[in-house]
Amino acid sequence: MVSVPRLVIAAPSSGSGKTTVATGLMAAFAERGLAVSPHKVGPDYIDPGYHTLAVSAGGSGRPGRNLDAYMSGTALIGPLFAHGAAGCDLAIVEGVMGLYDGASGQGELASTAQVSKLLRAPVVLVVDASSQSRSVAALVHGFASWDPEVRIGGVILNKVASDRHELLLREALDESGVPVMGVLRRTEHVSTPSRHLGLVPVAERRADAVGSMRELAGRVRDGCDLEALLGLARSAPALDVTAWAPEVEPVGSRLSQLHQVSQVSLVPQVPRPSRPVVAVAAGSAFTFSYAEHTELLTAVGADVVPFDPLRDEQLPDGARGLVIGGGFPEVYAPELSANEQLRKAVAELAHSGAPVAAECAGLLYLARSLDGKPMCGVLDADGRMSGRLTLGYREAVAVGDSALAGAGTRVRGHEFHRTVLEPGAGAAPAWGVVHPERRLEGFVQHGVHASYLHTHWAATPLMARRFVERCAG
């Protein structure tokens with residue numbers, strides 16, 4: 001049984017202010033000395049970066065984590081939550097879209113409502129009250145009664161215009177039976193810049209983000225009843241789950257055999273071989289990653305070493321494998337291209353047959369060019385910005401064997417980009433997308449597996465083990 005005080009911060013629709021409220025609450029409670037565990041419903045990489053910054057005031061050092069019932073499956077939501085929230089005083093889960101919005105055409109799957117039920121967590125509804133008064137009661141009543149299994153325990157009113165407006169809203173909500181736990185006035189003081197894929201990641205504006213976070217924490221602290229919210233969080237019942245653990249390597253695997261040390265005293269001890277170094281791209285251009293990926297790589301025998309393709313001219317010493325996740329290479333194409341020495345090092349490693357796993361931004365970095373700027377030239381393809389957003393969940397199957405997946409491996413993933421790659425698939429594609437449309441996608445060549453598809457390795461942990469085994473040789 002896992003007993004963790006917890007809240008889900010949801011809203012009737014996107015744009016209501018749930019990111020502001022959730023992040024502000026994380027920061028405000030962390031400033032009070034609570035160890036806060038931050039979580040985000042859905043595949044979004046950017047919000048968890050702000051969550052990580054928000055809880056850093058409490059010194060917890062906890063990374064923001066995602067809870068995506070589509071990508072990881074419903075059975076893993078509780079275990080992944082318990083893993084991330086272990087030992088914390090309070091867990092705050094920011095929702096996605098509207099409370100009941102989930103994967104297109106699949107009912108409640110991957111919705112905030114579904115995750116709140118899987119976690120048995122009370123929901124705080126953030127309502128944009130800027131254009132309503134008494135109607136707010138009907139809205140809250142509708143959301144609270146739509147699904148009896150979803151427990152809406154409180155409301156935070158956002159964008160309230162004046163004291164008079166607040167009074168009208170409170171009077172209306174007195175009839176709904178859902179208590180008001182916070183009121184935030186309209187303000188432009190705290191803002192987060194955005195661009196073509198949403199908010200600018202915190203890694204690109206850390207100094208400004210720290211100042212904004214302090215102001216946001218103060219605004220939420222002044223406008224919300226933190227004691228009432230903490231009391232609501234503590235009312236969440238115990239969860240009957242076992243925390244997920246990245247130690248998935250089965251006895252008898254190649255790595256476990258490599259790392260065994262003889263226990264027979266009459267036989268000379270065999271020294272444990274060094275762990276293969278896996279270089280992981282980081283820095284401002286490559287900010288999209290799930291915390292569980294690094295944990296899995298480490299658990300199955302790798303030494304994970306980050307590097308910044310914008311600054312570092314060489315890969316980490318002894319790199320035997322390379323992981324390049326998502327991010328914004330299109331924003332930094334001139335700088336990435338100018339680092340010619342690193343581009344050559346990446347190409348040499350890839351051409352040697354070493355395992356390389358690249359997703360989205362990593363795919364573009366391995367291409368011949370991006371918006372006309374030379375990239376690593378590992379793939380015979382060229383990338384460019386487009387005016388069309390590609391966004392949504394995907395179901396896919398591995399077309400053939402690769403360093404990441406065996407032929408026939410089925411995954412669920414997510415695409416989120418405004419770039420296009422021509423061609424979109426190589427002679428040996430990485431995936432065959434089977435839903436919502438059928439197409440071939442990505443590249444497998446030598447040890448390289450490169451694709452637009454973001455996946456969550458917690459759902460398919462054998463991919464991490466396979467990758468590290470290939471690195472170990």
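This is a predicted model: local features need pLDDT of at least 70, side-chain atom pairs count only at pLDDT 80 or more; totals for chains, interfaces and linings use all residues.
Seven strands make up an open, parallel sheet, arranged in the order 3-2-4-1-5-6-7. Strand 3 (65-67) and strand 7 (180-185) form its edges, each pairing on one side only. From one strand to the next, the twist averages 25°. Within this sheet, strand 1 (residues 6-10) and strand 5 (residues 123-128) run parallel and are joined by three bridges; Val8 stands opposite Val123 of strand 5. Helix 5 (residues 135-146) lies across strand 5 and strand 6 (152-160), and runs at about 145° to strand 5.

Seven aromatic pairs are present in the structure. In one of them, the ring centres of Tyr45 and Tyr290 are 4.4 Å apart and the planes meet at 20°, under the 30 degrees required for stacking, so the pair is classed as stacked. This pair connects parts of the chain 245 residues apart: Tyr45 is located in the loop between strand 2 (36-41) and helix 2 (46-55), whereas Tyr290 occupies the loop between strand 10 (277-281) and helix 10 (291-299). Both Tyr45 and Tyr290 are buried. Together with Phe288 and Phe328, these two tyrosines form one aromatic cluster.

A further pair comprises Tyr100 and Trp146, with ring centres 6.3 Å apart and planes at 55°; the pair is therefore tilted. Tyr100 lies in the loop between strand 4 (90-94) and helix 4 (112-118), and Trp146 belongs to helix 5, 46 residues apart. Trp146 has a relative accessibility of 66% and therefore counts as exposed. Elsewhere, Arg412 is positioned over the face of Tyr70, at 4.4 Å from the ring centre.

Technical notes: Residues are numbered from 1 along each chain as its sequence is written. Side-chain values use heavy atoms; hydrogens and water are left out. Two strands pair if DSSP finds at least two bridges between them. Helices (H or I, at least four residues) and strands (E, at least two) are DSSP runs, numbered from the N terminus. Axes are lines fitted to C-alpha atoms, for helices over the stretch in contact, and angles run from 0 to 180 degrees between N-to-C directions. Contact means heavy atoms within 4.5 Å. Rings of Phe, Tyr and Trp (its six-membered ring) pair if their centres lie within 6.5 Å; planes under 30 degrees apart count as stacked, over 60 as edge-to-face and the rest as tilted. Buried means under 20% relative accessible area, exposed over 50%, partly exposed in between (1.4 Å probe, protein chains only). A charge sits over a ring if NZ of Lys or CZ of Arg is within 6 Å of the ring centre and within 35 degrees of the ring normal.
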